[in-house]
Amino acid sequence: MTSKKRTAFRWTVRLLMWTATALTAALVVALVVYVMAKGVPHITWELLSTETSYLYDRKGILPNILNTIYIILAALVLVIPLGVGAAVYLTEYAKNKRLVAAIEYAAEILSGIPSIIYGLVGMLVFSEFLGLGSSLLAGALTLVIMNLPTIMRSTQESLKTVPQSYREGAFGLGAGKWRTIRTVVLPGCVDGVITGCILSVGRILGESAALLFTAGTANNLNGLFEAMTAPGSTLTVALYYYAKEEGEFEVAFAIAAILMVLSLLINLAATWVTRHFQRRKAL
Amino acid sequence: MKPIITAKDLCLWYGSAQALDHITLDIPENSITALIGPSGCGKSTFLKTLNRMNDLVEGVKITGTVTYAGKDVFATDVNQLRKEVGMVFQKPNPFPMSIYDNVAYGPRTHGITAKKDLDQIVEQALRDAAIWDEVKDRLKKNALGLSGGQQQRLCIARALAVAPKVLLMDEPTSALDPISTSRIEELVTQLKDRYTIIMVTHNMQQAVRVSDYTAFFLLGELVEFGATESLFSQPVDRRTEDYITGRFG
């Protein structure tokens, strides 16, 4: 190639890369601006603080906001002990390396399965077989299975970063294995658990397919405990419902805008937690 | 001299690699014994066998016997053994918690919970480790904020707080600066009235300065053991002489 040709080639490649970058950035910005522009004007206090009523011709998403919070709480309360427990067993106790590898691999696959399959299985197992019907509890249990790999893996990674010298120090003082794990190892991996939780909350917030199957689409205002046994839709399910079944695009876009802001906040929280703990570790 | 720890025909393998070869050794009570030898000679392995820290390593096989105060260590409850045979590690390893909680960790592990008792134990241990004056005003602060030398003295205090009889030290000064090193050496000399100290060291001057007895290890064998003064002035074995005069290692 002559030097002129080479220069032309270099500029072409550069131009292509710039275009790709600009296009990606523009898409994100356009999407955010579009959703915000269509959604934010319809976010009113009435929408946020009431429930939908055909009698008063009123749209309200308070039940959906509460259902989202309930289902996140219920799922986390169940998934944290399971995920952390599994991680502690696999990293600290399990002797059989091949079994550990097999379980880790299975967890990896589990986190890649399309969520609608979880929904289908959740419906058959929790709603039908266990008789929970369409309820937030059935939905939460389905989400537990979906998020178990996330919590388990992030806790495991974090456990591996706890220095071996801490464990040696505790053993050297005559502490048993469980005491060492409880007092020295687990406090050192709180960051991993929190990161896993934040990722899970993000995932739960965005989950619709699995919940359509298991938690139903009702919009009733319930307390935490009655909600567990009653059907109820979260924000994402409500978004689908209002847009697809009722053609209420104003409400749908308002929900979309709220969800976008929430997922932005969750991302910020994840970054903040990671930084906070890194600083503490560096101390 | 009365032995507090006795090893007899002790052999140890990591997988198929033999790390200790028929070690027979009596550790005298209330004295400082230095374990010297080139890297990989088995001195650290021997030390870690005494409080069974090697249990943590996979694929370890041990034959022969080690007795502590007349009891077979491999048949003793391991946590009880480690309470009586404490350990200070090569790199200072305070827990990421407060200075107070670090020292109180051992006593709490062994069932002491009353605040009054703990306060007293913590203060005494920190005094014994010659660090009380430096930390008494910041007991609630994170121990990781201390300097390396202070951290190591804190780790010594932490080990003393469970009232051990024997203190194993695995190159306790190798990660420290000269001033911190001399403080620790001074401290160790003061502690020998009440504790039996076994110390692995790479530094032969240190062995001469602080120890009463010295054991020279080479390739997993115990080459020579005796009073430090005579071992360094009139070594019996040719290999000891070569090592202490700096011909290898």
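Predicted model: local features only at pLDDT ≥ 70, side-chain atom pairs only at ≥ 80, totals over all residues.
1. Overall form of chain A. Chain A contains 13 helices and two strands. Its radius of gyration is 24 Å, well over the 19 Å that the globule rule gives for 283 residues, so chain A is more spread out than a compact globule. Along the principal axes, the C-alpha atoms of chain A fill a box of roughly 75 × 70 × 35 Å.

2. Burial and contacts in chain A. Of the 283 residues in chain A, 42% are buried. Taking contacts in chain A between residues at least 6 apart in sequence, 74% join residues at least 24 apart.

3. Extent of the interface. On the chain A side, 17 residues are in contact with 24 residues of chain B. The two chains bury about 1700 Å² between them, and 62% of this is on carbon and sulfur atoms.

4. Pairs across the interface. The rule finds six residue pairs in polar contact between chain A and chain B, with both residues at pLDDT 80 or more. Helix 7 (164-172) and helix 8 (177-185) of chain A each supply at least two residues of the side that touches chain B. The largest share of that side, seven residues, comes from helix 7 of chain A. By class, the side of chain A that touches chain B has seven nonpolar, seven polar and three charged residues.

5. The salt bridge between chains. One salt bridge is found across the interface of chain A and chain B. The side chains involved are those of B:Glu58 and A:Lys97, at 3.5 Å from N to O. B:Glu58 is exposed, with a relative accessible area of 61%, and A:Lys97 is exposed as well, at 57%.

6. Salt bridges within chain A. Over all chains, the structure holds 21 salt bridges. One of them joins the side chains of A:Glu248 and A:Lys59 (3.6 Å, N to O). A:Glu248 lies in the loop between helix 12 (235-245) and helix 13 (249-282) of chain A, and A:Lys59 in strand 2 (residues 58-61), so the pair ties together parts that are 189 residues apart in sequence. A:Glu248 is partly exposed, with a relative accessible area of 26%, whereas A:Lys59 is buried at 18%. A:Lys59 and A:Glu248 also belong to a network of salt bridges with A:Glu246.

7. A salt bridge within chain B. The side chains of B:Asp170 and B:Lys48 meet in a salt bridge of 4.0 Å, N to O. This pair links distant parts of the chain, with B:Asp170 in strand 7 and B:Lys48 in helix 1, 122 residues apart. B:Asp170 is buried, with a relative accessible area of 5%, while B:Lys48 is partly exposed at 24%.

8. A buried glutamine. B:Gln206 is in helix 8 (residues 204-210) of chain B and counts as buried at 2% relative accessibility. Its side chain makes polar contacts with the side chains of B:Thr173 (2.9 Å) and B:Thr201 (2.7 Å). Leaving aside neighbours within four places in sequence, the residues in contact with B:Gln206 include B:Thr181, B:Glu185 and B:Met199.

9. Backbone points to check. B:Arg52 is not a glycine, yet has a positive phi of about 60°. B:Arg52 lies in the loop between helix 1 (43-50) and strand 4 (60-68) of chain B and counts as buried at 14% relative accessibility. B:Ala163, also a residue other than glycine, has a positive phi near 55°. B:Ala163 is in the loop between helix 6 (148-160) and strand 7 (166-170) of chain B.

Definitions and conventions:
Residues numbered from 1 in each chain as written. Chains lettered and ligands numbered in written order. Heavy atoms only, no water. Contact = heavy atoms within 4.5 Å. Buried area = accessible area lost by both parts, 1.4 Å probe. Polar contact = N/O pair within 3.5 Å; in protein donor to acceptor, adjacent residues only side chain to side chain. Helix = DSSP H or I, 4+ residues; strand = E, 2+ residues; numbered from the N terminus. Nonpolar A, V, L, I, M, F, W, Y, C, P; charged D, E, K, R; others polar. Rg over C-alpha atoms; globule rule 2.2 N^0.38 Å. Buried < 20%, exposed > 50% of the residue type's maximum accessible area, 1.4 Å probe, protein only.
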